[in-house]
Amino acid sequence: MASVPPQNIQCPLGVPSLALASPLLPFGPNRTKIICPACRLPTSTSTSVTPKASAWLSCLLICIFGCWCGCCLIPCCLQSFNIVHHRCPNCDTYLGQYRS
């Protein structure tokens, strides 16, 4: 089979470029402009944050060592202890996640 060379597509000036969401698209900690693969609409992803298991383990260790009055929840507020989930706000399709 002959391979097709990649096309050089250029956007007009002032038009933001959008990426088609795929498993190879790296998501970051913030919203990402994409074209949803399910509904095919250009949008920015909606994000939600959940703590990793290491955040809860750190909370437990902080409690064990005596800092139980609120200080134990600090790991849940740190970005490196969280997972950011990206969804399409139009059709609610799960698009991916970001782990730092």
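## Helix α1

In this predicted model, helix α1 covers residues 53–64. The helix has 12 residues, and the distance from its first C-alpha to its last is 17 Å, close to the 16 Å expected at 1.5 Å a residue. Just after α1, G66 takes a positive phi of about 105°.

The buried residues in α1 are A55, S58 and C59. They lie on the same side of the helix, because the arc they cover around the axis is only 105°. An α-helix has 3.6 residues a turn, so residues three or four places apart point the same way. The buried residues of α1 pack against strand β4 and against helix α2 (74–77). On the face turned away from this buried side, α1 carries the exposed residues A53, L57 and I64.

## T50 in strand β4

Strand β4 spans residues 46–51 and includes T50. T50 is partly exposed, with a relative accessible area of 31%.

Which residues does T50 contact beyond its neighbours within four places in sequence? They are N82, I83 and H85. With N82, the separation is 32 residues in sequence, while the C-alpha atoms are 5.6 Å apart in space. With H85, the side chain of T50 makes a polar contact of 3.0 Å.

## Cysteines

The count of disulfides in the model is zero. C88 is in no disulfide: the nearest cysteine sulfur belongs to C91 and is 3.7 Å away. A disulfide is a covalent bond between the sulfur atoms of two cysteines, and the cut-off applied here is a pair of sulfur atoms within 2.5 Å. The sulfurs of C88 and C91, 3.7 Å apart, therefore do not count as a disulfide.

Is C88 buried or exposed? C88 is buried, with a relative accessible area of 1%. C63, in contrast, is partly exposed, at 32%. C59, in helix α1, is among the buried residues of that helix.

## The chain as a whole

The chain has two helices and six strands. Along the sequence they follow the pattern β-β-β-β-α-α-β-β.

Of the 100 residues in the chain, 25% are buried. The accessible surface comes to about 7300 Å², and carbon and sulfur atoms account for 64% of that area. Among contacts between residues at least 6 apart in sequence, 47% join residues at least 24 apart. The pair T50 and N82, in contact, is 32 residues apart in sequence.

Conventions. Residues numbered from 1 in each chain as written. Predicted model: local features only at pLDDT ≥ 70, side-chain atom pairs only at ≥ 80, totals over all residues. Heavy atoms only, no water. Helix = DSSP H or I, 4+ residues; strand = E, 2+ residues; numbered from the N terminus. Buried < 20%, exposed > 50% of the residue type's maximum accessible area, 1.4 Å probe, protein only. Contact = heavy atoms within 4.5 Å. Polar contact = N/O pair within 3.5 Å; in protein donor to acceptor, adjacent residues only side chain to side chain. Areas by Shrake-Rupley, 256 points an atom, 1.4 Å probe, with all protein chains shown as cover. Expected span 1.5 Å × (residues − 1). Arc of directions from axis to C-beta.
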